[in-house]
Amino acid sequence: MIDLPTLATAQQALVKAGRTLHQAQQVPASGGNFSVRLDRSHMAVTVSGRHKGHLSVGDIMVTDLEATPVGSDLKPSDEALLHGQIYRLREGAGAVLHTHCRAATALSMLESGDNIILSGYELLKVFDGVSTHLTQFHVPVVDNSQDIPALAAEVEQAVSDGACHAYLIRGHGLYTWAGDLQACLNQVEALSALFDCELTLRQCR
Ligand SMILES: CSC[C@@H](O)[C@@H](O)C(=O)COP(=O)(O)O
Ligand SMILES: [Zn+2]
């Protein structure tokens, strides 16, 4: 049984997050998808194909963690399975955000390996468990695929380290998760800035 006030709060928060992320150029066109955990086995997730800067509460639906709709005929995000996967793998995750920011997309195309390592940046302390700029912060990079269950299998291996807070899909965008939506929004903002720094540094080398 879904707690309706919890759902209404999640819907309003995700609508607001969409506006914020669109204004910050993180989700051009209908790119990106968002979710908030409702309970152990359900999430509120964006309906597929909606413009994330112009969401209304009806554009946020309920699914289980396998992306099966609950009480709705709408189609959840094409990538809802990737959100449910994070809630299954990370008990503490309360929100997942997927963005298509320029820096994440470009950096993931430049990087031929399966990892981007961020180090030396003070802003890394935004992430839970990071207390110094001297940390080596790994962001896995997986190849893009339109086969979402196959992509999820790649992601499952890539994020197996519990210290992982985010991953990139090559040529596509960023996934990150946190205990609550505001912390997750902060991570999107921090990662976008850090990817931008990495791109600039790579151009200078
Ligand atoms: C604008 S194409 C982007 C989609 O293929 C997908 O990657 C995406 O981020 C949004 O898909 P959606 O089904 O609306 O959640
Ligand atoms: Zn996407």
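## Helix packing exercises

We're working with a predicted model, where local features need pLDDT of at least 70, side-chain atom pairs count only at pLDDT 80 or more, and totals for chains, interfaces and linings use all residues. Residues are numbered from 1 along each chain as its sequence is written, with chains lettered from A and ligands numbered from 1 in the order in which they are written.

**Exercise 1.** Work out how the axes of H1 and H5 are oriented to each other.

Start with the helices: H1 is residues 4-23 and H5 is residues 181-204 (helices are DSSP runs of H or I, at least four residues, numbered from the N terminus). Next, the geometry: their axes come within 11 Å and cross at roughly 15° (axes are lines fitted to C-alpha atoms over the stretch in contact, and angles run from 0 to 180 degrees between N-to-C directions). So H1 and H5 are roughly parallel (under 35 degrees; over 145 is roughly antiparallel, 65 to 115 roughly perpendicular, the rest oblique). Now the contact: Ala-13, Ala-17, Thr-20 and Leu-21 of H1 meet Leu-181, Leu-185 and Val-188 of H5 (C-beta atoms, placed from the backbone, within 7 Å). Sort these residues and you get six nonpolar, one polar and no charged (Ala, Val, Leu, Ile, Met, Phe, Trp, Tyr, Cys and Pro are nonpolar; Asp, Glu, Lys and Arg charged; the others, Gly among them, polar).

**Exercise 2.** Do the orientation of H3 against H5.

H3 covers residues 102-110, and its axis lies 9 Å from that of H5 at an angle of about 45°. That makes H3 oblique to H5. Their crossing is left-handed. On the H3 side, the contact uses Ala-103, Ala-104, Ala-106, Leu-107 and Leu-110, while H5 brings residues including Phe-195, Asp-196 and Arg-202. The class tally is eight nonpolar, one polar and three charged.

**Exercise 3.** Now try H2 and H4.

Take H2 (residues 80-89) and H4 (residues 148-158): the axes come within 9 Å and cross at roughly 30°. H2 and H4 are therefore roughly parallel. The crossing is right-handed. Leu-81, Leu-82 and Gln-85 of H2 touch a set in H4 that includes Ile-148, Pro-149 and Glu-156.

How values were computed
Helices (H or I, at least four residues) and strands (E, at least two) are DSSP runs, numbered from the N terminus. Two residues are in contact if their C-beta atoms, placed from the backbone, lie within 7 Å. A crossing is left-handed if the near helix is turned anticlockwise from the far one by less than a right angle, and right-handed if clockwise.
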